[in-house]
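Take a look at the fold shown below.

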Amino acid sequence: MSEFVITGGYVLAPDMKLKRADVAVGSGIITQVGECQSAEQTIDAKNCIVMPGLINAHTHTPMTLLRGACENLMFEQWQKCIWNKEAKITPSDVHLGSLLACVEMIKTGTTSFADVYIHMDRAASAIKKSGLRGVLGWGVIEGFGEPLREKLAHRRAFVRQYNNAADGRITTMYAPHSPSTCSMEALGLLSRMSEEDNVLVTTHLLETRKEAETLKKDNCHLQCLKDAGLLSGRLLAAHSVWANDEDIKILSQHGVSVAHNPISNMKLSVGTAPVTAMLREHVNVCLGTDGAAPGGSLDMFASMRTAALLRRDRGQDTHLQDILKMATVNGAAALGLLAGQIKKGFLADIILVDMKKPHLTGHDPLSALVYSATGADVKTSMVGGEVLMEDYQIKKIDEENVIERVQKWIDDFNCWSFRELPVK
Ligand SMILES: [Zn+2]
């Protein structure tokens, strides 16, 4: 029995073609696509594309607090600047920053995301409140005075406590920061823990040339991950900008997913990921924004457009369907979600994109989605059949209040930290 029917729209079908169809939703899942019997409630999708909610495969939600904080720096200086500021971030700050990220994601059409940061129990409470779906990892960087075994025991407690929280909307994963900030011992232990707890692992991989050269000198870029047992379908590797042809073959052979973050990579001048080669080798490439500090925004439409433009800039064939799949189907596969497609039996994580706009009027609606739309064109958004935004109005969070609180936090933060020495 469907609880409501989305009527009158054009559905982006699993084959990435548009079809005139209604979508019925019941008990949080899509119960029918096509001619649907009328339900008590309907959502009018006239002039809209009804598509799967976008899946952000790599972000750090609390980093909304640091948006614009360390600009115009090369990667190593940027990382130093950010880590310096992050050292002062408290658990309640994480909650606030994550809440703002949730507002931004709902308003720009993201329904699921992979999120890694610190104090993730506080991020979890923000995500629970928002109604979004998140896969959360509490990052692991070795050192900082905490013995490894204690650190990993703490991460395991988080993984076990929060997996399947918020009626299953929150799941968890292990998150070694990168092979260059974690020892072989840590990587091996995390691999075993992820297998025992049957959860994903995510890590930054080959993001910068310097990291790639250092790891390759020690023959430890992919070999260390392989020796640790991490190269598998459970691994989601962010960036992989400096993966060479041989690396790409290895990633493919082991079923590793790659989260491509084109805007962050451009903004931090780290290079361009070899996405065309990865797709040729059938690597599951999905799309992310990275945090709002390195990426500027959490708008997945901006990520889609930039990913497409980067390939066009190199004269490469760029199929609109590939780009749309990266942001939906492939993201769902990487995160192990039965989502990312408007299909009977799939989670009702759905967005309505309002196409009756001057900049979306044209020959090809799919081209408009990739090259012309922005997150601000998302009119309605739902997760598991729960409507989080209807007709541009967010329902579960007081948007204005969150924006004001974050701006005040930023003003206070700059006030008491202005005496910091500048980063050299
Ligand atoms: Zn990242």
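Glycine 291 is buried, at a relative accessible area of 0%. Here buried means under 20% relative accessible area, exposed means over 50%, and partly exposed lies in between, with a 1.4 Å probe and protein chains only. The model is predicted: local features need pLDDT of at least 70, side-chain atom pairs count only at pLDDT 80 or more, and totals for chains, interfaces and linings use all residues. Residues are numbered from 1 along each chain as its sequence is written, and side-chain values use heavy atoms, with hydrogens and water left out.

Glycine 291 sits in the loop between β15 (284-287) and α11 (292-295). Helices (H or I, at least four residues) and strands (E, at least two) are DSSP runs, numbered from the N terminus. Leaving aside neighbours within four places in sequence, glycine 291 is in contact with Thr59, His60, Met63, Gly296 and Leu298. Contact means heavy atoms within 4.5 Å. Proline 262 is 29 residues from glycine 291 in sequence, and their C-alpha atoms are 12 Å apart.

## The whole chain

The protein has 16 helices and 19 strands. What does the radius of gyration say about its 424 residues? A compact globule of that length would have a radius near 22 Å, and the protein has 21 Å, which agrees. The radius is taken over C-alpha atoms, and the globule rule is 2.2 Å times the number of residues to the power 0.38. The C-alpha trace spans about 60 × 50 × 40 Å along its principal axes.

Buried residues make up 58% of the 424. Of the contacts with a separation of 6 or more, 73% join residues 24 or more positions apart. The accessible surface comes to about 17600 Å², and 50% of it belongs to carbon and sulfur atoms. These areas come from the Shrake-Rupley method with a 1.4 Å probe; for residues, only the protein chains shown count as cover.

Charge next. There are 45 positive and 49 negative side chains, and the centres of the two sets lie 1 Å apart. Lys and Arg count as positive, Asp and Glu as negative; His and the chain ends are not counted. Each charge is placed at NZ of Lys, CZ of Arg, CG of Asp or CD of Glu.

## Helix α2

Helix α2 (residues 91-107) has 17 residues. From first C-alpha to last it reaches 25 Å, close to the 24 Å expected at 1.5 Å a residue. The expected span is 1.5 Å times one less than the number of residues. Of the 17 residues of α2, 14 are buried, so the helix is largely enclosed by the rest of the structure. Just after α2, glycine 109 takes a positive phi of about 90°.

## Positive phi away from glycine

Most residues other than glycine have a negative phi. Leucine 206 has a positive phi of about 50° although it is not a glycine. Serine 240 also has a positive phi of about 50° and is not a glycine.

Aspartate 349: buried or exposed? Aspartate 349 is buried, at 4% relative accessible area. It lies in the loop between α14 (329-335) and β16 (350-354). Beyond neighbours within four places in sequence, its contacts include Met51, Arg133 and Met382. Aspartate 349 and glutamine 316 are 33 residues apart in sequence and 32 Å apart C-alpha to C-alpha.

Serine 252 belongs to helix α8. At 22% relative accessibility, serine 252 counts as partly exposed. Not counting residues up to four places away in sequence, serine 252 touches Glu281, His282 and Val283. Serine 252 and glycine 233 are 19 residues apart in sequence, with their C-alpha atoms 9.5 Å apart.

Asparagine 401 is in helix α16 (residues 399-417). At 32% relative accessibility, asparagine 401 counts as partly exposed. Phenylalanine 75 is 326 residues from asparagine 401 along the chain, and their C-alpha atoms are separated by 33 Å.
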